[in-house]
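Grab a pencil and try each exercise before you read its solution. Keep the 3D view open as you go.

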Amino acid sequence: MAAWTAAARQAANLSRFPASKSASLTKQGGLLIQRRGLAGGGDHHGPPKVNFWQDPMSPSKWKEEHFVIVSLTGWGLAFYGGYKLATRGKKEKKE
């Protein structure tokens, strides 16, 4: 996969130049500019994000995926607790 991606990038870079210049540019080696596109990694704006266990009282500083996991777990526990509370008194009485 990585080899195919590298070959596709090289072909895209070579297609930016006319054919007469591309052969001389590839022989010189350093004149092609590598463009990374969207491979930047993450959101580099604002304060750095932390794991939720490092700062549990500040959800605004958590990583997005940790916020989603903790939020869904909390909602699941709330629904389960509500279900158990609502169905607690409906046990069959044995005589």
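**Exercise 1: Around H66**

H66 touches N51, F52 and W53, setting aside residues up to four places away in sequence. Bear in mind that you're looking at a predicted model.

Task: find out which element holds H66, and whether H66 is buried or exposed.

Solution: 
- Step 1. Look along helix 3, which covers residues 64–86; H66 is found there.
- Step 2. Check the relative accessible area of H66, which is 13%. Buried means under 20%, so H66 is buried.
- Step 3. Now go to N51, one of the residues H66 touches. N51 sits in the loop between helix 2 (19–28) and helix 3.
- Step 4. N51 has 14% relative accessibility, so it counts as buried too.

**Exercise 2: The partners of N51**

Task: leaving aside neighbours within four places in sequence, list the residues in contact with N51, then say which side chain joins that of N51 in a polar contact.

Solution: 
- Step 1. With those neighbours left out, N51 is in contact with W62, K63 and H66.
- Step 2. Zoom in on K63: its side chain and that of N51 are joined by a polar contact of 3.3 Å.

**Exercise 3: Aromatic rings**

Task: count the aromatic pairs, then work out how the rings of F52 and W62 are arranged.

Solution: 
- Step 1. The count comes to four aromatic pairs.
- Step 2. In the pair of F52 and W62, the rings are 6.0 Å apart centre to centre, with 65° between the planes. Planes over 60 degrees apart count as edge-to-face, so that's what this pair is.
- Step 3. F52 and W62 are 10 residues apart, and both lie in the loop between helix 2 and helix 3.
- Step 4. F52 counts as partly exposed at 28% relative accessibility, while W62 counts as buried at 10%.
- Step 5. Another pair is W75 with F79: tilted, 6.1 Å centre to centre and 35° between the planes. These two are four residues apart in helix 3, so about one helical turn separates them.
- Step 6. W75 is exposed at 57% relative accessibility, and F79 is exposed at 61%.
- Step 7. Finally, F52, W53, W62 and F67 form one aromatic cluster.

**Exercise 4: Out at the surface**

Task: which residues form a nonpolar patch with F67, and where is the place of F67?

Solution: 
- Step 1. F67 has its place in helix 3, and with a relative accessible area of 40% it is partly exposed.
- Step 2. Together with V68 and L72, F67 forms a nonpolar patch on the surface, with about 290 Å² of accessible area in total.

**Exercise 5: Zooming out**

Task: how many helices and strands does the chain have, and what share of its residues count as buried?

Solution: 
- Step 1. The chain has three helices and zero strands, running α-α-α from the N terminus.
- Step 2. Of its 95 residues, 6% count as buried.

Technical notes. Residues are numbered from 1 along each chain as its sequence is written. This is a predicted model: local features need pLDDT of at least 70, side-chain atom pairs count only at pLDDT 80 or more; totals for chains, interfaces and linings use all residues. Side-chain values use heavy atoms; hydrogens and water are left out. Buried means under 20% relative accessible area, exposed over 50%, partly exposed in between (1.4 Å probe, protein chains only). Contact means heavy atoms within 4.5 Å. A polar contact is a pair of N or O atoms within 3.5 Å; within protein, one must be able to donate a hydrogen and the other to accept it, and residues adjacent in sequence count only if both atoms are side-chain atoms. Patches are made of residues with over 30% relative accessible area and no salt bridge: like charges are joined within 9 Å, nonpolar side chains (Val, Leu, Ile, Met, Phe, Trp, Tyr) within 5 Å. Accessible areas come from the Shrake-Rupley method with a 1.4 Å probe; for residues, only the protein chains shown count as cover. A salt bridge is a side-chain nitrogen of Lys or Arg within 4 Å of a carboxyl oxygen of Asp or Glu. Rings of Phe, Tyr and Trp (its six-membered ring) pair if their centres lie within 6.5 Å; planes under 30 degrees apart count as stacked, over 60 as edge-to-face and the rest as tilted.
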